[in-house]
Amino acid sequence: MIIAELLKWAVKKVDVACEPSPHLSVEILLAYTLNQSRSFLHTHPQQIVSDSQEQQFKSYLARFLQGEPIAYVTGKREFWSLELKVTPDTLIPRQETELLVEFALKLLVNSPECLIADLGTGSGAVALAIAHERPAFQIIATDKSPAALSIAKHNAKNLNIQNIIFKEGSWCEALVGQDKFDLIISNPPYLDEEELHQAARGLLYEPYLALVANEKGLSEICRIVYEAWNYLKKGGYLCIEHGQTQGEKVRSIFLEVGYNDIKTEYDLAGLERITWGRRG
């Protein structure tokens with residue numbers, strides 16, 4: 001087949017499966033198969049796809065139609081304009097999590113040098129984005145999963161980002177012995193078991209422990225809010241991503257511990273997504 005014909009055939013397959021954005025999904029997979037950009041598909045619609053390439057593409061498409069996220073099929077995902085390697089050992093970085101980066105940079109806009117901790121870094125997405133934007137900042141990125149840390153280190157090396165130190169450990173346990181932080185940031189698990197099974201099927205391919213928490217999804221958030229207090233400088237910030245219905249409860253946890261200036265920010269869909277507070 002030529003590129004145009006293969007795209008048309010594949011879009012019909014994806015449409016039948018009722019997948020959103022069928023054209024985008026198909027183009028990403030075919031471009032990956034051909035090791036080309038998506039724009040190449042549009043500028044070379046008559047190029048012949050070899051039999052081996054066609055079979056490889058159909059194999060990728062079958063995995064996608066079975067529910068496997070495209071990021072795991074291709075092994076990569078763009079976040080904050082950085083191309084990251086991802087595997088089933090890490091969460092797939094999402095657009096709403098870019099808000100963590102955005103607000104971290106706003107909170108520290110007048111600070112030329114800062115010490116930041118990214119708890120549960122996964123693929124390293126948030127830490128790498130901040131480090132890329134602010135080379136003078138020093139970032140400690142932690143995760144209790146050695147496999148996830150391996151991916152994060154690979155991404156840092158691939159992007160030539162050198163102002164991050166990776167440490168293995170659960171939440172603030174990995175920060176023992178460090179200086180106090182200007183900012184601690186985290187995208188912890190915040191779904192409960194029921195929410196996971198009601199969510200998009202692709203979530204079932206992602207690491208369970210990075211998605212699901214006890215106490216209606218709040219157990220790990222609560223632990224971080226309490227632990228982080230002892231690792232923040234006076235006036236330092238804690239910034240956490242959470243579920244769209246958890247804002248009020250998260251604010252109350254911040255208040256219980258003693259944080260000041262507690263605020264919740266909204267994502268592009270107008271949903272409560274990030275809560276931050278300051279150690280008084």
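Two strands are taken as paired if DSSP finds at least two bridges between them. Helices (H or I, at least four residues) and strands (E, at least two) are DSSP runs, numbered from the N terminus. The model is predicted: local features need pLDDT of at least 70, side-chain atom pairs count only at pLDDT 80 or more, and totals for chains, interfaces and linings use all residues. Residues are numbered from 1 along each chain as its sequence is written, and side-chain values use heavy atoms, with hydrogens and water left out.

Axes here are lines fitted to C-alpha atoms, for helices over the stretch in contact, and angles run from 0 to 180 degrees between N-to-C directions.

Strand 3 (residues 115-119) and strand 4 (residues 138-143) are parallel and share five bridges. Asp118 has Ala141 of strand 4 as its bridge partner. Strands 8 and 9 run antiparallel and are joined by six bridges. Here Tyr259 has Arg279 of strand 9 as its bridge partner. The hairpin of these two strands has five residues between them, and Gly270 takes a positive phi near 80°.

Helices cover the sheet. Contact means heavy atoms within 4.5 Å.

Helix 6 is mostly covered, with seven of its 10 residues buried. Buried means under 20% relative accessible area, exposed over 50%, and partly exposed in between (1.4 Å probe, protein chains only). The buried residues are Leu99, Leu100, Val101, Phe103, Ala104, Leu105 and Leu107. They pack against strand 1 (76-79), helix 7 and strands 6, 7, 8 and 9.

The axes of helix 11 (residues 219-228) and helix 12 (residues 247-257) come within 9 Å and cross at roughly 30°. Helix 11 and helix 12 are therefore roughly parallel to each other; angles under 35 degrees count as such, over 145 as roughly antiparallel, 65 to 115 as roughly perpendicular and the rest as oblique. Helix 11 contributes Ile221, Cys222, Val225 and Tyr226 to the contact, and helix 12 contributes Val250, Ile253, Phe254, Glu256 and Val257.
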